[in-house]
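Dear colleague,

Please find below the structure that I am handing over to you, followed by an account of what was found in it.

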Amino acid sequence: MDVIQYKGFEIHASPDLLTDSGEWKVGLHILRHRENESRSRNFSASNSYKTREEAIAHCFQFGKQIIDGQAGSYTVADL
């Protein structure tokens, strides 16, 4: 599984293969574990990449931007 830890969150990269083009679309979910619960949210972007590895790298980059509050209206503030 493609997972990284970042600032108390887990970013899970889960890019989707676009069957019509053969490219990979950015998809991820971000989890936050607290004492008695875990919460998560799914995110996606319209960007697509030729390889799964490229898409995974961008999933992690996008996830970090979301956590840092640098991704427009995407937020994890309520996790």
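Strands S4 and S5 form a hairpin, with 4 residues between them. Please note that this is a predicted model.

**Strand pairing**

S4, which spans residues 24-33, and S5, which spans residues 38-49, are paired in the antiparallel sense over 9 bridges. Within this pairing, Ile30 has Arg41 in S5 as its bridge partner. S4 also pairs with S2, again in the antiparallel sense, over 4 bridges; here Ala13 stands opposite Leu28 in S4. Strand S3 (residues 16-17) runs antiparallel to S4 and is joined to S4 by 2 bridges, with Trp24 in S4 as the bridge partner of Leu17. S3 and S4 form a hairpin with 6 residues between them, and Gly22 in that turn has a positive phi of about 75°.

**The nonpolar core**

The largest nonpolar core comprises 21 residues, and Leu28, Ile30, Phe62 and Val76 have the most contacts inside it. Two or more residues are contributed by each of S2, S4, S5 and helix H1 (52-67). H1 provides the largest share, with 7 residues. Not counting residues up to four places away in sequence, Val76 touches Phe9, Ile30, Arg41, Phe43, Ile66 and Ile67.

**A buried glutamate**

Glu10 is buried but has no salt bridge, and the nearest side chain of opposite charge, that of Arg32, is 11 Å away. What joins the side chain of Glu10 to those of Gln5 and His33? Each is joined to Glu10 by a polar contact, of 3.5 Å for Gln5 and of 3.0 Å for His33. Leaving aside neighbours within four places in sequence, the residues in contact with Glu10 are Val3, Ile4, Gln5, His29, Ile30, Leu31 and His33.

**Salt bridges**

Asp68 and Lys7 meet through their side chains in a salt bridge of 2.7 Å, N to O. Asp68 lies in the segment after H1 and Lys7 in the loop between S1 and S2, so this pair ties together parts that are 61 residues apart in sequence. Asp68 counts as partly exposed because its relative accessibility is 30%. Lys7, in contrast, counts as exposed, at 56% relative accessibility. The backbone of Lys7 is also of interest: phi is positive, at about 50°, although Lys7 is not a glycine. Most residues other than glycine have a negative phi.

Lys50 forms a salt bridge with Glu23, and the closest N and O atoms are 3.6 Å apart. Lys50 is in the loop between S5 and H1, whereas Glu23 is in the loop between S3 and S4, so the pair ties together parts 27 residues apart in sequence. With a relative accessible area of 64%, Lys50 is exposed.

Asp78 forms a salt bridge with Arg41, with the closest N and O atoms 2.8 Å apart. This pair links distant parts of the chain, since Asp78 is in the segment after H1 and Arg41 in strand S5, 37 residues apart. Both residues count as partly exposed: Asp78 has a relative accessibility of 42%, and Arg41 has one of 27%.

Yours sincerely

Terms used: Residues are numbered from 1 along each chain as its sequence is written. This is a predicted model: local features need pLDDT of at least 70, side-chain atom pairs count only at pLDDT 80 or more; totals for chains, interfaces and linings use all residues. Side-chain values use heavy atoms; hydrogens and water are left out. Buried means under 20% relative accessible area, exposed over 50%, partly exposed in between (1.4 Å probe, protein chains only). Lys and Arg count as positive and Asp and Glu as negative; His and the chain ends are not counted. A salt bridge is a side-chain nitrogen of Lys or Arg within 4 Å of a carboxyl oxygen of Asp or Glu. A polar contact is a pair of N or O atoms within 3.5 Å; within protein, one must be able to donate a hydrogen and the other to accept it, and residues adjacent in sequence count only if both atoms are side-chain atoms. Contact means heavy atoms within 4.5 Å. Two strands pair if DSSP finds at least two bridges between them. A nonpolar core is a set of buried Ala, Val, Leu, Ile, Met, Phe, Trp, Tyr and Cys residues joined through side-chain atoms within 4.5 Å.
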